[in-house]
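Please look over the structure below.

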Amino acid sequence: MSEITLVEAVNLALARAMNEDDEVLLLGEDIGVNGGVFRATNGLQARFGRARVIDTPLAEGGIAGVAVGMAAMGLKPVAEIQFSGFIYPAIDQIINHASRLRNRTRGRMTCPMVLRSPCGAGIHAPEHHSESPEAMFAHMPGLRVVAPSSPARAYGLLLAAVRDPDPVIFLEPTRLYRLFREEVADDGVELPLDACFMLREGADATVVTWGAMVPETLAAAEKLEEEGVTIEVIDVATLKPLDIETILRSVEKTGRCVIVHEAPRTAGFGAEIAAEIAERALYSLLAPIKRVTGYDVVVPLAKLERQYMPSVDRIIDGVRQVMEAS
Amino acid sequence: MGSMEMGFDLNVDFVQLLSPSGEISKAASASAKDIDRLVRFYRAMTRTRTFDNKAISLQRTGQLGTFASALGQEAIGIGTAAAMEERDVLVPSYRDHAAQFSRGMSMSECLLYWGGDERGSDFKHARGDFPNCVPVATQAPHAVGAAYALMMRKEDRVVVTFIGDGGTSNGAFYEALNMAGVWKTPVVVIINNNGWAISTPRELESAAETLAQKAVAAGVEGRQVDGNDVIAVHEVVRRAIEKARSGGGPTLIEALTYRLGDHTTADDASRYRDPEIVRAQWTREPIARLRSYLVSEGAWSKEQEAELLKACAEEVDREVAAYLNASPLSSDAMFDHLYAKLPDSMQWQLEDARRFAERKEHGDV
């Protein structure tokens with residue numbers, strides 16, 4: 001085992017999946033010779049050839065569309081959209097076709113594809129490079145939506161995504177690509193696509209989060225513990241299907257819930273979690289649910305991105321509010 | 001279109017008036033050889049290159065975000081902008097500051113944009129020009145829509161837009177060109193074919209012999225021009241603009257150039273292309289080519305060159321200072337221009353952002 005970054009874990013999982021199944025192939029812009037702009041596919045074209053690691057023309061709608069066609073024929077395409085801000089032309093194909101091919105044909109045809117994309121702010125990137133579009137995909141029936149937050153979870157979840165018989169949207173937080181290293185065993189063991197990860201146990205409040213906000217939330221938990229407040233930190237990881245049971249059990253135990261996400265607040269995925277808790281665990285709550293999210297603004301350019309993204313400070317403030325409410 | 005028997009002769013011409021070694025073509029008109037104008041072109045291209053060098057060094061020293069240089073592609077922007085009237089509309093991609101500087105965008109505005117500050121897109125001059133467009137090809141339909149608006153209002157203005165070679169692989173490009181052909185909008189679409197879409201070479205973008213011929217399927221005139229020949233770019237774009245202005249409809253111009261630098265400062269082109277090819281392309285670049293011609297005509301001296309470089313460096317330094325001394329942005333800036341008026345229901349978010357911005361320690365991971 002060796003300590004690797006999240007982006008190296010993505011690379012490792014892709015190589016593993018391609019090695020174990022000849023029908024897995026990769027396509028996207030600059031993923032071959034260049035190894036992807038973040039190097040997620042580094043070395044894979046040299047190893048698996050140009051037929052299985054395709055440098056496509058610059059056409060996101062086309063990339064998603066040909067992946068649907070490939071998947072319908074039984075291949076397992078893993079398509080990369082270079083930045084999440086460029087994912088929107090692909091949404092047509094994902095919503096109108098990938099998500100419903102199985103349903104439309106009563107199971108005669110399926111769409112076992114993965115659409116990978118970096119996402120999120122915090123790396124001083126140019127315009128349209130910092131989006132968090134997970135809620136749009138989570139809203140669409142027929143899709144799975146995954147957002148890993150550590151190298152080990154990226155490895156296991158991506159392997160599961162490639163092997164899954166249905167379309168999976170796999171959103172990789174750019175800020176975490178090289179933020180920290182972790183031991184990852186290249187053992188081919190996948191992680192479940194329908195389970196939250198309990199990262200830290202606590203008694204006073206449950207903080208539910210995913211993706212790039214996980215390290216911030218864990219840092220907030222450390223600081224809060226110094227004040228004598230212990231929180232449970234849940235990494236949702238697979239937004240859809242949502243493992244609400246793990247979240248409900250935790251909320252029933254702590255009585256307080258804070259939901260943290262980087263995407264804008266309105267109709268963000270936090271609203272879905274809050275609604276589920278309200279429907280199914282309202283009487284366990286000692287305080288109103290609190291959301292700490294990106295503001296309802298266009299994700300700003302680099303100078304203000306830190307003021308847009310939930311900080312450790314804002315998360316601690318959110319937890320204190322639910323603590324003070326009861 | 002009535003005949004049962006149909007065929008089509010594909011005809012895409014290629015225009016070059018100044019050879020790579022700086023020899024003028026016999027086909028160049030007297031007006032194209034106007035020496036005062038060519039000196040202005042030379043100055044403008046040099047100004048852009050001086051800026052690019054500085055911007056890259058600012059990025060390398062942590063004073064600028066990711067930056068896309070126009071190195072080697074200056075002639076396209078300078079020749080094009082010179083063919084436009086001030087009242088015309090530029091719809092840029094994200095590597096078009098050569099044209100934008102000629103249109104009045106300041107260098108400090110360009111730096112603000114790449115430095116992560118939206119104020120860089122609030123041009124003091126050329127206020128009718130569109131902001132940079134990063135999602136590749138999405139600007140092409142905007143140009144056609146803008147041209148339609150001008151046509152509908154019978155305004156004597158045309159729209160000029162830029163797109164890269166990779167951009168022509170994108171559906172939005174074909175859709176835009178198709179609409180422009182149907183509606184005969186006064187728009188000139190210029191392909192900056194610099195050979196590379198990040199790491200993807202031109203031949204992996206399209207099997208078409210030329211990109212200009214993509215015009216044919218849209219019923220639009222397509223032409224190729226040597227994009228490193230500012231005289232030819234100016235001539236070809238000028239004619240296309242005249243045609244558009246007189247109701248003749250759109251033109252697609254493929255300007256052949258070469259990306260001498262990396263895609264952006266976030267890219268390392270040595271990973272995917274042979275430095276020998278790049279070295280060979282340096283013999284074709286636009287500035288040395290025009291200088292060679294001006295010198296041979298007795299219109300440019302070493303003294304003038306030294307003065308120009310000094311003046312460019314001074315201007316760039318002034319603009320860099322203006323950029324670095326820009327007033328700090330408050331968190332309110334995220335909300336100020338979100339809507340004409342911030343909805344009352346969002347006021348608390350603005351105040352929340354302020355509350356945390358005022359704290360010194362953000363506690364980021």
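What follows covers a helix of chain A first, then charged pairs in both chains.

## Helix α3 of chain A

The model is predicted. Helix α3 of chain A spans residues 60-72, which is 13 residues. From its first C-alpha to its last it reaches 18 Å. That is close to the 18 Å expected at 1.5 Å a residue.

An α-helix has 3.6 residues a turn, so residues three or four places apart point the same way.

What covers these buried residues? After α3(A) comes G74(A), with a positive phi near 100°.

## Salt bridges

The whole structure, over all chains, holds 46 salt bridges. Three of them are tabulated here.

| Pair | N to O distance |
|---|---|
| R163(A) and E20(A) | 2.7 Å |
| R289(B) and D226(B) | 2.9 Å |
| R354(B) and D332(B) | 2.7 Å |

Start with chain A. The side chains of R163(A) and E20(A) meet in a salt bridge. This pair links distant parts of the chain, 143 residues apart. R163(A) sits in helix α7 (residues 151-163) and E20(A) in helix α1 (residues 6-20). R163(A) is partly exposed, at 28% relative accessibility. E20(A) is partly exposed too, with a relative accessible area of 42%.

Now chain B. R289(B) and D226(B) form a salt bridge through their side chains. The two lie 63 residues apart and link distant parts of the chain. R289(B) belongs to helix α10 (residues 286-296), D226(B) to strand β7 (residues 221-226).

R354(B) lies in helix α13 (residues 347-357), and D332(B) in the loop between α11 (302-324) and α12 (333-336), so the pair ties together parts 22 residues apart in sequence. R354(B) is partly exposed, with a relative accessible area of 35%. D332(B) counts as buried, at 15% relative accessibility.

Which residues do shared partners join into one network? From chain A come D313(A), R314(A) and D317(A). From chain B come D352(B), R355(B) and R359(B).

Terms used: Residues numbered from 1 in each chain as written. Chains lettered and ligands numbered in written order. Predicted model: local features only at pLDDT ≥ 70, side-chain atom pairs only at ≥ 80, totals over all residues. Heavy atoms only, no water. Helix = DSSP H or I, 4+ residues; strand = E, 2+ residues; numbered from the N terminus. Expected span 1.5 Å × (residues − 1). Salt bridge = Lys/Arg side-chain N within 4 Å of Asp/Glu carboxyl O. Buried < 20%, exposed > 50% of the residue type's maximum accessible area, 1.4 Å probe, protein only.
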